[in-house]
Amino acid sequence: MKKLSDNPKIEVLVNTSFEETRIAILEDGVLSELMWERRGSLNIVGNIYKAVVENVLPGISSAFLNIGYEKNAYLYISDVIEGDKRPIDKILYKGQEIMVQVVKDAIGTKGMKVTMDVTLPGRYLVLTPNQRFVGVSKNIEDEAQRERLNSMVEKLAEKYLDGMGCIVRTEAEEASEEELEKEIKYLYRQWKTIITKFERAPSPSILHEDMDGVLQVSRDILSEDVKVYMLDNKKDYEKVVDFVSKISPELKDRIKLYKGKTPIFEAFNIEQEIEKLRRIKLPLENGGSIIIQEAESLCAIDVNTGKFTGSKSQEETVTQTNIEAAYAIAHQLRLRNIGGIIVIDFIDMKKASNRHKVVDALNDAVKRDRAKIRILPITRLGLVEMTRERKKESTGSLITEECPQCHGSGRVLSAESMRIKVQREIYDLTQGRPGGNLRLVLHPLLADYIKQKQSVIEQNIHRSLKVQSDPQIAWEDYKIVLE
């Protein structure tokens, strides 16, 4: 499979309804990322709070904080200022008031994760008040640009930041000194406002609320690479135009209001792609497939050759399938927003060189992902362990819930198991006595199977049986009626 292009054509589509806002990011016409915001749920990643320490647990080097919600927030030692120098119970104590920023939403039974190392992102810069380091994003690879930006930002930091640090973002590659100066002054004023609120506000309370999704996209994604940013809600459109006019007026013409009669996500086939997100098994172009099994803190992915036999040796066939799977997996992880620990079971390859090719393909495939990713070397068995930064729950967790029929296993009793179960219950109900009629009401597909086995069942229960289908009945439910 060919490598990803370095400069994809990016399109951003936004659908706003009464209850939620959905943001789709397409790269070269392919849906690559989805962002969701629902009115009734908390969207607090990036928010800054004045928190109260509720408990300090030195045994797990952690503390639990009250930031004003039902669930306490979780603070680990590595996110504590000076946590690398002293034990957590020597830094924090119960009842202490501290400033924290939410870095991960509450997921499942876990509360939100917070850090004391607060950051304030702008379009070109990220202010790091608790750090002194001033630097440039690693994604800016041009040495001349790095030196230019580093020289400018060091001078500006010395002039305006009082010893605080900042990082130059990738979007600043072509930025002028005037633009950087304007933003560094804005972020500094914002930080001073937060400090003043912290000193005066009761605890717990919110000190700074991050932008909503449509403005975050305007700040973090909208660039020269984005061909169009199209919104179907006039209020959101006007809000984005106003914001972009202030920070990047040259990009204002990329923002469009969608006026079509067909809903925007239907017009661009996004709804169809969203439906596919519930699938566990996904076909590859060459006939192979990947199977994605997502749990709360771990995702297991299996790669199969399927119908693909190739035209060369088995080793070559397997390697080609694994490389194609690597690109498909990276795409699905980003699209489904799957984070945490991920284990990929690639098909076994005998040659170490081929195993390296697959890992190289996976590294290339994740380069567009904005989440932090770490990939470990492939094992001789073809297993790859990787981690992907998780700030919010996955799309699957957001749009689905545990099936009440299969209790989350994804499997129900087989038709034959159901036949034996029903037959046993009828026998116990009649105590094996012959005579009389029975009516059995079942799921339509199961009813068809039972009809095929009807003579066997009647022989076993010593009674005649009438089989009736009901589309309203779930697969494992049924009614036995004595007539």
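Buried means under 20% relative accessible area, exposed means over 50%, and partly exposed is anything in between (1.4 Å probe, protein chains only). The model is predicted, so local features are reported at pLDDT of at least 70 and side-chain atom pairs at pLDDT 80 or more, while totals for chains, interfaces and linings use all residues. Residues are numbered from 1 along each chain as its sequence is written, and side-chain values use heavy atoms, with hydrogens and water left out.

Aromatic rings come up first. Two rings of Phe, Tyr or Trp (its six-membered ring) pair if their centres lie within 6.5 Å; planes under 30 degrees apart are called stacked, over 60 edge-to-face, and the rest tilted. The count comes to three aromatic pairs. In one of them, tyrosine 49 and tyrosine 69 have ring centres 5.9 Å apart and planes at 75°, so this pair is edge-to-face. Tyrosine 49 belongs to strand E4 (residues 48-57), and tyrosine 69 to the loop between strand E5 (62-66) and strand E6 (73-76), so the pair ties together parts that are 20 residues apart in sequence. Helices (H or I, at least four residues) and strands (E, at least two) are DSSP runs, numbered from the N terminus. Tyrosine 49 is buried, at 2% relative accessible area, whereas tyrosine 69 is partly exposed at 26%.

Another pair joins phenylalanine 64 and tyrosine 74; this one is tilted, at 5.7 Å centre to centre and 50° between the planes. Phenylalanine 64 is in strand E5 and tyrosine 74 in strand E6, ten residues apart. Phenylalanine 64 is partly exposed at 25% relative accessibility, and tyrosine 74 is partly exposed at 26%.

Leaving out neighbours within four places in sequence, valine 226 is in contact with Ile10, Val12, Ile221 and Arg254. Valine 226 and asparagine 7 are 219 residues apart in sequence, yet their C-alpha atoms are 10.0 Å apart in space. For contrast, lysine 259, in the loop between E15 and helix H5 (264-267), is exposed, with a relative accessible area of 70%.

Finally, there are the nonpolar cores. A nonpolar core is a set of buried Ala, Val, Leu, Ile, Met, Phe, Trp, Tyr and Cys residues joined through side-chain atoms within 4.5 Å. The largest has 31 residues, and Ile290, Ile301, Ile329, Ile344 and Phe346 touch the most other members. Elements that each supply at least two residues of this core include strand E17 (289-294), strand E18 (298-304) and helix H7 (314-336). H7 gives the most, with eight residues. Not counting residues up to four places away in sequence, isoleucine 344 touches several residues, among them Ile301, Val303, Ile329 and Leu362. A second, separate core of 30 residues includes Met99, Ala157, Tyr188 and Ile194.

How values were computed. Contact = heavy atoms within 4.5 Å.
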